[in-house]
Every structure is written in C-alpha cells, then in structure tokens.
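Please consider the model shown below together with its sequence.

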Amino acid sequence: MSAPASPLTTDEGAHQQAQLDPTQPGRAPRSDGGSSYVPVQTRSERFKSTTTSDFPAVTGREIEWKFSPIAKLRPLIEGELDGGAWHYDTVATPGVSIAWVDRADASVGSAGVPEDRASANAWTSFERALAITIDGDEIQDLALERSRLDGAPRAAHTIITAKKHSRGHIVLHNSGAAQLAENVEIVVEDGADLTVVSVQQWNDDAIHLASHFARVGRDAKLRHVVVSLDGDVIRINPSVHLVSEGADVELYGAYFATSGQHIEQQVFVDHNAPKTKSRVTYKGALQGRGAHTVWIGDVLIRQSAAGTDSYEQNRNLLLSDGARADSIPNLEIETGDIAGAGHASASGRFDDEQLFYLQARGISEEEARRLVVRGFLAEIVQRIGSPELQTRLESAIELALVPEGAPS
Amino acid sequence: MSVLEIHDLHVSVETEQGKIDILKGVDLTVNEGEIHAIMGPNGSGKSTLAYTIAGHPKYHVERGSIKLDGNEMTGLPVDERARAGLFLAMQYPVEIPGVAVTNFLRTAKTALDGEAPALRGWTKDVREAMKNLRMDPSFAQRNVNEGFSGGEKKRHEILQMELLKPKFAILDETDSGLDVDALKIVADGVNRAKTETGLGLLVITHYTRILRYIQPDFVHVFVDGRVAEEGGPELADRLEAEGYDRFLTETSVG
Ligand SMILES: Nc1ncnc2c1ncn2[C@@H]1O[C@H](COP(=O)(O)OP(=O)(O)OP(=O)(O)O)[C@@H](O)[C@H]1O
Ligand SMILES: [Mg+2]
C-alpha cells in the first residue's frame, strides 16, 4: 500500500446548494456542481485566539462567516457583551456537580480555543464559567433549562467534564429570549461515555451563536446531538478533537428552518490519534420563503491518526419554494493508512411517490407531509436518549410544519 | 350494491419527449364481490390503469370517466378516492423512512374512518392479520417497506387491504416475485378479504398461477391501452398456452 506523501484533500468542489426553482415544477435541483470551487484552507491552520481584538474586523467574506447574516450578528461579533452569571433550572443529581468557576480556573480552555470572532468575543467577556462535572460509573442524567435570558447581548461559558470512566447524559434546553454568544467546552476523559444534547427552541427573534469544543480521550465516547427548531438565527459549531487512541464520537443534528430563519452548523472533527472513529449525521427540513440552512462538515485525518474510521453525511428536505440549503463536506486526509473515510450530501425536494403512497391509503396531504418529515428527522431525534424530550420535540416539529397563517 | 365503472378512459403522460397517449379507450365494469383479472404484455398500460384509478398525479385523464357508485372519481385528490373506497396494492411499494408500520396503519385507518380505531380491538386485528399473512410481529415496528424483501412488500400491501377494508381493490402484479408458499398465503388473504367484506377486485397479473387460488369471474386481455378481448377463466389458460401473439399481430404494435 502506498501512502500519499503530501496532504490529500478530496471534494473541494462538493458544495451543494439546493433551492427549489418555481419555474421548473417537479424538477429537483440536486447540486450546482463544481461552479463554486473554493480551495480549502487546511483546517488545522485556521487562526485561533481567545481574545476578540486578535481577530480582524469581520467583513462577511471570511470562510467562517460567508453564509451567515452578518448584519444581525454584529452586536455579538463586535459589541459589548454582558458576561455575568445567568439563570438556569435543574434538578440536582447525585453524580453531577454544578458550580460557577472563575475565569482563571484550570478547566477553562481545556477543550479548545475560538476560531471565530464571536466565539472569541464571548470568551473575552464571560466573568465566570458554569462547570458541570460528571463522576461515577452509573449513568448520570441531567437536564438544564435555560429560559430566562433577557434578550440583551450576552456571553456565556460552560464546561462539561465527564471524569474517567464516568457515564453521563446531559441535556441543555434553550428557550425564551436570547442574543447570546457562547462557548461550551466538553471534556470526555479516558474511558468515559458522555451524551450532550443541545436543544434550541428560542423565541422567534432570538440570535444564538455557539461554539462547542470537545476533547475525547482514550477509548472514550461522545455522543453529541444538536436539535435546532426555533429562533431567528441559530449557529452552532461543534469541533471535536479525538486526541487519544480509540476515541469515538457520534455527532447528530436535526434542524427545521421555516420562513426567514437561518440555521447553521459548522462541524469539525479532528482525528489526531490512531484508531479513532467519527460518525456525523445531520438532517434538516426547510419550509417557506427565505428559510436558509448551512451545514459545513470538515473532517481532518492527521498523519497521527492511522486506522481512523470516519463518515459524515448531511441530508436536507426542501418542502417548498424559496428555501435554500447549503451543504459542504470537506475531507482532508494526511495519512495513507485509514480504515475508512467517506461522506454523503444530498438535498432534494419532497418525494412525490411517498406522498402518493400515503394518500392512496386515505391520509390527507397535510398529514402525509407531517409523517414523512417526522420520519425523516426521527433518525436523529431518536438518538436523544430521553423519551420525554423526544416526544416534546416531535410535537414541536409537527407544529413547525403547519403553514404560516393556518389555524393550528 | 357497489359498482366501479370505467368508461371510454383515455390517459396520457407527460414525458421529456412530449405527451404520449397510453390508455386509448378502456371500458370496464366491476361489481362488488366480483374478481376481474387483467392480463396483457409488458407496457400495454395495466399499471397506468391502476394508477389512474387511484389518482396518481402523473397520469392525465384526457377523456372518459371512472365512477364509483355513480360518483365521478377523476379530478378527486388521491386521499379522497381512498376514502371513497378504492385501494391500490402497488407493483412497487414505496419506502417511507422513519415511519413505523403500526403508526402508518393506525394513521390510515383513522383517516379512512374519520376517527381513531378503538385501541384494543385494533391492536388485536393488526396482530391477527399479520399472523394470517405469516408476517413476523417485528414488522410492526419496522419502517414502512424499508429493507423489506420483494415478497414482504407484497404481503404488507395485502395486510393493508385486509385492515383498511376497501370496496374495490386493484392488485398490480401482487403475485410477481412471490414463491409458491407466499403466493398461497397472499391468495388466502385476498380470499379472506373477499369473504369478509365482499369487495370487488381487479387482479393484474402475468401468470395464471395466482388465478388458480383467486378464481376470476372475468378475464380481460389488455393490449396497447385497450381491452382487446374478454372472457371467462378459460381465457387465462388459453393466454398461457398461446401468448399474446394473436393480439399483437391484430393490432400491429411494435
Ligand atoms: N411516467 C411515465 N413516463 C413515461 N412513460 C410512461 C410512464 N408511465 C408509463 N409509461 C409508458 O406507458 C406504457 C404503459 O406502461 P405501464 O406501466 O402501464 O405498463 P404495464 O402494462 O403495467 O407493463 P408491465 O407488465 O411491464 O408492468 C409503457 O410504454 C410505459 O413506458
Ligand atoms: Mg405494470
């Protein structure tokens, strides 16, 4: 087997932009092909800093901002942010400790460093971090509700640590008003098994920019699930560093964008140790004019990551005209010795044959659409690992499907 | 007494090369409790007839009518036709990811009846119908047609027919791809449904094999978008022995 001597990057031109064209009924544009070829900057070389002023002013043309509605995000990217403690609701769990820790605490910065200006701004601004620590080999469940932010621009910093060989299931549930830039650090120590679920059901005018940084240790496992439904702009960028042999991550995302909503996720998986494994599956539905979703999936398999196994996929279901889904997988492979690496990206309109099949059994068109979309997102929603939350999200998805102005 | 009447049906389909006419004047009357077999060469328009009756949007009715108990079906949405009592067991059933069979069946039953079925009775009906069709109970939790084998998909179609109790069912090559045992199981299901509900059936097939288990009252030979000949069950045997050559030369298709 001959190993490539220099870094090999595949699929630079894989950017898919799907948009239903009302002038061509029945045709499902799948991709605009290679017309938007952009050479990919090696992800490992991207600029990083925890200080806002280290970043140049944002123009909107930067690789990390070019799909985002910058004008709405200015206050979070460059404005002053309230970095004080925020209110949360939870039920105490014996194996989980929750505490506010100082900026100078050793745990701060243990999982990552900001790669964009909003993330750095949040980092520069936060006063204390909320530290959630899981210990013990029995599975620990914790749900944290954040529903009382006041809607003024603010910063937050959260650190979730799963101690060695611990097992945990953490749900961060977001609702209410928000203009929030935040960083979430996730440390999965050796042999630990952690699930982190972040759910966005904000008010309709909320703006939420989040960077999640995860560091997964030897033979440790992280399951990371993002469900974004409500809010004006939601941008959640998880980056996961698999830093020790046998580290394993599954990243799931489900999103539903309706008229005018922007939902974005830039996923980065950094394979930096042998025999590491990653699976990325994001699925989105879009309905209504101006609904826009963005998925960027960067996977970097470094020279140090022999025997790595990775697969990423993004699928989008366009339910009406005027919605747009951008989907960009990037795979950078620096070693010749991999167990597997692949990606898939597909965006398409509703399958009329599915609709016909259901309607031929007496099911109304509206109900049939509900079934299909719910089914489409179910693969992700079923990963949440909390039946009660799953039911709650399924009803929320059905609600989002009711066309605007229709009686509900 | 229910009746399905198809009169002078002309159907076209839009293709990249333009519009093509597929059905060229079909006349067919099926009374409740009757079994009609439709046989005919590939591409003669059998599935087109089936889809058109069910209301598939791809097929345009240019002329003629489809009446169920005197009510015109053409122009009605697909789901309304199903609610009027029409059922199509499809030649190629569609996969619906993430939608479990039980959920699908219950949703369909609720839509057809206008109210949810009583839970206990319904669960029992589903379980029994599955058992009769030798379907493993685990199918109830699987996603609709996802990963089903060809034969399993066909059984699943008949399961729906038994549970949804239509007035008229069209079986589009339900027998294709079934092994001998499965064929018998499916045929038993069809006969059971007929005994129980007295439905009328249009059985589209290429083989007389299934007609030994499901006895047709009438056989129609479909050629080039029309019924070329009609007769009793003996016509099926003749077709099997002689093929369609006789009709093809007569209509000079090719
Ligand atoms: N959507 C379509 N687009 C183009 N042509 C079509 C379409 N549907 C049907 N046809 C054509 O119409 C003719 C009849 O097709 P149909 O599927 O009804 O035949 P069939 O009798 O069911 O054949 P088979 O025995 O192979 O199932 C064929 O020539 C087919 O190619
Ligand atoms: Mg056919």
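Chain A of this predicted model has a secondary structure of 5 helices and 19 strands, where helices (H or I, at least four residues) and strands (E, at least two) are DSSP runs, numbered from the N terminus. Of the 408 residues in chain A, 58% are buried; buried means under 20% relative accessible area, exposed over 50%, and partly exposed in between (1.4 Å probe, protein chains only). Among contacts in chain A between residues at least 6 apart in sequence, those joining residues at least 24 apart make up 86%, contact meaning heavy atoms within 4.5 Å.

Residues are numbered from 1 along each chain as its sequence is written, while chains are lettered from A and ligands numbered from 1 in the order in which they are written. Because the model is predicted, local features need pLDDT of at least 70, side-chain atom pairs count only at pLDDT 80 or more, and totals for chains, interfaces and linings use all residues, with side-chain values taken over heavy atoms and hydrogens and water left out.

R146(A) belongs to strand β5 (residues 139-146) and counts as buried because its relative accessibility is 5%. Neighbours within four places in sequence aside, the contacts of R146(A) include W86(A), H87(A), H173(A), E182(A), W202(A) and H208(A). T124(A), by comparison, is placed in helix α2 (residues 117-125) of chain A and is partly exposed, at 37% relative accessibility. With neighbours within four places again left aside, T124(A) is in contact with T50(A), T51(A), T52(A) and R103(A). T124(A) and S53(A) are separated by 71 residues in sequence, and their C-alpha atoms are 9.2 Å apart in space. D219(A) has a positive phi of about 50° although it is not a glycine. D219(A) sits in the loop between β10 and β11 (221-230) of chain A and is exposed, its relative accessible area being 51%.

The structure holds 5 cavities of 30 Å³ or more. On a 1 Å grid over the protein atoms alone, a cavity is a set of points where a 1.4 Å probe fits but cannot get out, and lining residues have an atom within 4 Å of a point. Grid points are joined across faces, edges and corners, and a volume is the space filled by probe spheres set on the points. The largest cavity contains about 110 Å³ of space. Its lining consists of 14 residues, of which R43(A), E115(A), D116(A), S211(A) and N237(A) lie nearest the centre. Two or more lining residues come from each of β10 (207-216), β12 (233-242) and β14 (262-271) of chain A, and β12(A) gives the most, with 3 residues. By class, this lining has 4 nonpolar, 5 polar and 5 charged residues, where Ala, Val, Leu, Ile, Met, Phe, Trp, Tyr, Cys and Pro count as nonpolar, Asp, Glu, Lys and Arg as charged, and the others, Gly among them, as polar.

Just after α1(B), G55(B) takes a positive phi of about 100°. In helix α8 (residues 233-242) of chain B, the buried residues are L235(B), A236(B) and L239(B). Viewed down the axis of α8(B), these buried residues fall within an arc of 105°, so they line one face of the helix; the arc is that of the directions from the helix axis to the C-beta atoms. The face turned away from the buried side of α8(B) carries the exposed residues E234(B) and A241(B). Just after α8(B), G243(B) has a positive phi of about 75°. E173(B) also takes a positive phi, of about 50°, although it is not a glycine. E173(B) is located in the loop between β9 (168-172) and α6 (180-197) of chain B and is buried, with a relative accessible area of 8%.

Finally, the two chains meet. The size of an interface is often given as the accessible area lost when the parts come together. The contact takes 34 residues from chain B and 19 residues from chain A. The area buried between the chains is about 2,000 Å², with carbon and sulfur atoms giving 66%; buried area is the accessible area (1.4 Å probe) that two parts lose on being put together, summed over both. In chain B, D79(B), V94(B) and I96(B) lose the most area to chain A, together 23% of what that side buries.

Terms used. On a 1 Å grid over the protein atoms alone, a cavity is a set of points where a 1.4 Å probe fits but cannot get out, and a pocket is an open set with protein on both sides within 12 Å along at least five of seven lines; lining residues have an atom within 4 Å of a point.
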